[in-house]
Amino acid sequence: ILNTGNTAFLNITSLDGKVVKHIDLTGKGKASVMINANELTSGTYTYSLYVDGNVMDTKLMVITK
């Protein structure tokens, strides 16, 4: 849950460490983000939530087509 004044974003990163997508998050409270799998090639990625410059959580995502 974001508060007013927080800066937050999601980075989607390939396993070789390249950021393939950056999504700025705005507003406050709970939210959801839709990721269009057609924008990414098949493979394994991590996505990380950053709030005020700190990594809050990182998850693994697998895209298959």
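I count a contact as heavy atoms within 4.5 Å. With that cut-off I looked at how far apart in sequence the contacting residues lie. Among contacts between residues at least 6 apart in sequence, 44% join residues at least 24 apart. I note here that the model is predicted.

**Entry: inventory**

I went through the secondary structure next. I found 4 strands and 0 helices. Read along the sequence, the pattern is β-β-β-β.

**Entry: the sheet**

I asked in which order the strands of the sheet lie. The order is S2-S1-S3-S4, the sheet is open, and the pairing is antiparallel. Neighbouring strands are turned by 20° against each other on average, with direction ignored.

**Entry: S1 against S3**

I took strand S1, residues 8–14, and strand S3, residues 43–51. They pair in the antiparallel sense over 7 bridges. Threonine 13 has threonine 46 in S3 as its bridge partner. Serine 14 has tyrosine 45 in S3.

**Entry: S3 against S4**

How many bridges join S3 and S4? I found 9, again in the antiparallel sense.

I followed the chain through the hairpin of S3 and S4. There are 2 residues between the strands. Which residue there takes a positive phi? It is aspartate 52, with phi near 50°.

**Entry: overall extent and surface**

I looked up the extent of the C-alpha trace. Along its principal axes the trace spans about 40 × 20 × 15 Å. The protein has 65 residues, and 22% of them count as buried. For that figure I used the cut-off of under 20% relative accessible area.

The protein exposes about 4,800 Å². Carbon and sulfur atoms supply 52% of that area.

**Entry: charges**

Methods:
Residues numbered from 1 in each chain as written. Predicted model: local features only at pLDDT ≥ 70, side-chain atom pairs only at ≥ 80, totals over all residues. Heavy atoms only, no water. Pairing = 2+ DSSP bridges. Axes fitted to C-alpha atoms, helices over the stretch in contact; angles between N-to-C directions. Buried < 20%, exposed > 50% of the residue type's maximum accessible area, 1.4 Å probe, protein only. Areas by Shrake-Rupley, 256 points an atom, 1.4 Å probe, with all protein chains shown as cover.
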